[in-house]
Amino acid sequence: MSGRALADDCSLLPNAIYGLGGSATKPIIGKVAAGLAAAPTPATIVYQAPGACLGINGLIASTLLTGTASYWDTAGKEQSCTLPVGGQAIDFAAMGNSATSCPGVASLPTDIGDFQGPINTYNLIVPKASSQSSISSEGAYFVFGFGQLGQAQPWIDDTQIFRRDANSAAQLFIALSTGIPAEKFKGVDTKTNSGTVTAVAQSTKPEAAIGLVSGEVADANRLTVRTLAYQHKGQRCGFTPDSTVNAYDKKNVRNGQYFIWAPIHFFAKIDAQKKPVNPEVAKFLGYFTGEVEAPANIDMLTIEIKSGNVPRCAMNVTREGDLGELKKYTPEKPCGCFFESVATGATSCTACTTNVNCPTSAPVCRRNFCEAR
Amino acid sequence: MKRIAIIFAAAGSLLLGGALASACSSASEEATPTRPPVPIVTPDSDSGSDAGVDSAPVDPGCLGAAGCYKCEPVKTEEFLNACTDGQCTPFDNAARLPLFKAGQGLPPVP
């Protein structure tokens, strides 16, 4: 069989696992998928990204995937394959929000499990050429809820307000944080996170342009778009996810000053022990939750950090539910030093090879840095 | 859902007699409050999301410069307003949003 035929037919890809969900989670899924494709026992992640809530709704309804889907080769390049004519069952769904934030999902069925991965943010972005640097919850309410009628200068041109739809995690989170009903956003539907970046970045009216995207997509496009500082209701000023607009430290997420963040959610059919029914899916999702060690060629923490996400072990706050109350979090095996090292290229933590190298204040050598536990 | 937002910044302004600073505080910038803060309570009127922050009055001993929260944060609004050396950029709702009326709910989305 030719390589071309292999690339075209999803069913011929080795050990394929099929997913459906949001475009926000696609970059990190792609990076892990590339590692799995190159693993000693290869597996292929085949993923369609029509929108976050379409994934969980499809899994609940046992919808069959049809048409074409993405997969990633050993070099990490995104490829396209054709799904079986009769349709392909969904193995997992992936998105940024919890299931019950989606239209049509009143509660998660008992035979579907929710597996949570690293933290992602949701950002309001403007073109690099814009002079704007911050927005409040109330400001975003008038921009996205009213459009031109909101009179929230300079974002008063409906053709330059770039939104998604009610199935998008990015839109759901901005809806939750502002109070705009998710189905009532004004502006132009850009369909995907990358579509939003393109629309914002290429706007011919940069001062008037604004959009909403996942943080990892915003981070990957900093050459063309800039994240606005977000000031939540009752907050004294706005913060970006990072300590400065040019930093990559996610300090304001990790410490609780940036409001709009949530763990990535994966969903799959589960058995009585609440483990994914499909053992290959269990392994794949386990890499993200930390319950399963990834193949040696896949460094999950590094992938998560370089994707613009924050591993839970680097968080100092936690929350339950979408944008729930913030609480202090003390990870059992903290990785804040390693996070800083990878995300920013520097850390003030003590480097180490064993615990002997570490001070009493940070006695545990983990990933070559002295951590508190 | 009942949602009450306390405006830390306004409380800080009352205490410190100044408007919001454009940069966040550091320990060296923190000032001693001279009288108890007067929380400004704004009932939200939007569509019932959990976006607001519920709060009790702020302990005056926990207010730092520019209204930041300098004690160990426990509640959401305390984390959001914690004193930090990170860059923070105020967005002035009253000056920039003609339809925003301080102390009143937001108008419903059309």
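The model is predicted, so local features need pLDDT of at least 70 and side-chain atom pairs pLDDT 80 or more, whereas totals for chains, interfaces and linings use all residues. Residues are numbered from 1 along each chain as written, chains are lettered from A and ligands numbered from 1 in the order written, and side-chain values use heavy atoms, without hydrogens and water.

Gln171(A) sits in helix α5 of chain A (helices, H or I of at least four residues, and strands, E of at least two, are DSSP runs numbered from the N terminus). Its relative accessible area is 1%, and Gln171(A) is therefore buried (under 20%; exposed is over 50% and partly exposed in between, with a 1.4 Å probe and protein chains only). Beyond its neighbours within four places in sequence, Gln171(A) is in contact with Arg163(A), Arg164(A), Asp165(A), Ala166(A), Ala182(A), Phe185(A) and Leu212(A) (heavy atoms within 4.5 Å).

The contact between them draws on 51 residues of chain A and 48 residues of chain B. Together the chains bury about 3,900 Å², 55% of it on carbon and sulfur atoms (accessible area, 1.4 Å probe, lost by two parts on being put together, summed over both). Of the area that chain A buries against chain B, 20% is supplied by Phe142(A), Lys233(A) and Arg236(A), more than by any other three residues.

How many residue pairs are in polar contact between chain A and chain B? The count is 21, with both residues of each pair at pLDDT 80 or more. On the chain A side, β9 (134-136), α4 (137-146), α5 (169-178), β14 (229-231) and β17 (327-328) each supply at least two of the residues that touch chain B. The largest share, six residues, comes from α4(A). Sorted by class, this side of chain A has 20 nonpolar, 22 polar and nine charged residues (nonpolar: Ala, Val, Leu, Ile, Met, Phe, Trp, Tyr, Cys and Pro; charged: Asp, Glu, Lys and Arg; polar: the others, with Gly).

Two salt bridges are found across the interface of chain A and chain B (a Lys or Arg side-chain nitrogen within 4 Å of an Asp or Glu carboxyl oxygen). Asp85(B) and Lys251(A) are joined by a salt bridge, at 3.1 Å from N to O.

Apart from neighbours within four places in sequence, Val109(B) is in contact with Tyr141(A), Gly145(A), Phe146(A), Ile180(A), Pro181(A), Lys184(A) and Lys186(A).

Within chain A, an automatic or database assignment sets the domain bounds: domain 1 (10-117 + 263-318), domain 2 (120-261) and domain 3 (330-371). The centres of domain 2 and domain 3 of chain A, taken over C-alpha atoms, are 34 Å apart. Four residues of domain 2 and five residues of domain 3 make up their contact. The area buried between domain 2 and domain 3 of chain A is about 340 Å², and carbon and sulfur atoms give 62% of it. On the domain 2 side, Tyr248(A), Asp249(A) and Arg254(A) lose the most area to domain 3, together 92% of what that side buries.

Between domain 2 and domain 3 of chain A there is one salt bridge. Arg254(A) pairs with Glu340(A) in a salt bridge, with 3.6 Å between the closest N and O atoms.

In helix α11 (residues 336-344) of chain A, the buried residues are Gly336(A), Cys337(A), Phe338(A), Phe339(A) and Ala343(A). Their cover includes α8 (251-254), α10 and β19 (369-371) of chain A. Just after α11(A), Gly345(A) adopts a positive phi of about 85°.

Phe339(A) is also one of the contacts of Asn309(A), a residue in the loop between α10 (300-306) and β16 (317-318) of chain A. Asn309(A) has 0% relative accessibility and so counts as buried. Its side chain reaches the backbone oxygen of Ile119(A) at 3.4 Å. Leaving aside neighbours within four places in sequence, other contacts of Asn309(A) include Ile28(A), Pro118(A), Asn120(A), Glu216(A), Ile264(A) and Glu304(A).

How values were computed: A polar contact is a pair of N or O atoms within 3.5 Å; within protein, one must be able to donate a hydrogen and the other to accept it, and residues adjacent in sequence count only if both atoms are side-chain atoms.
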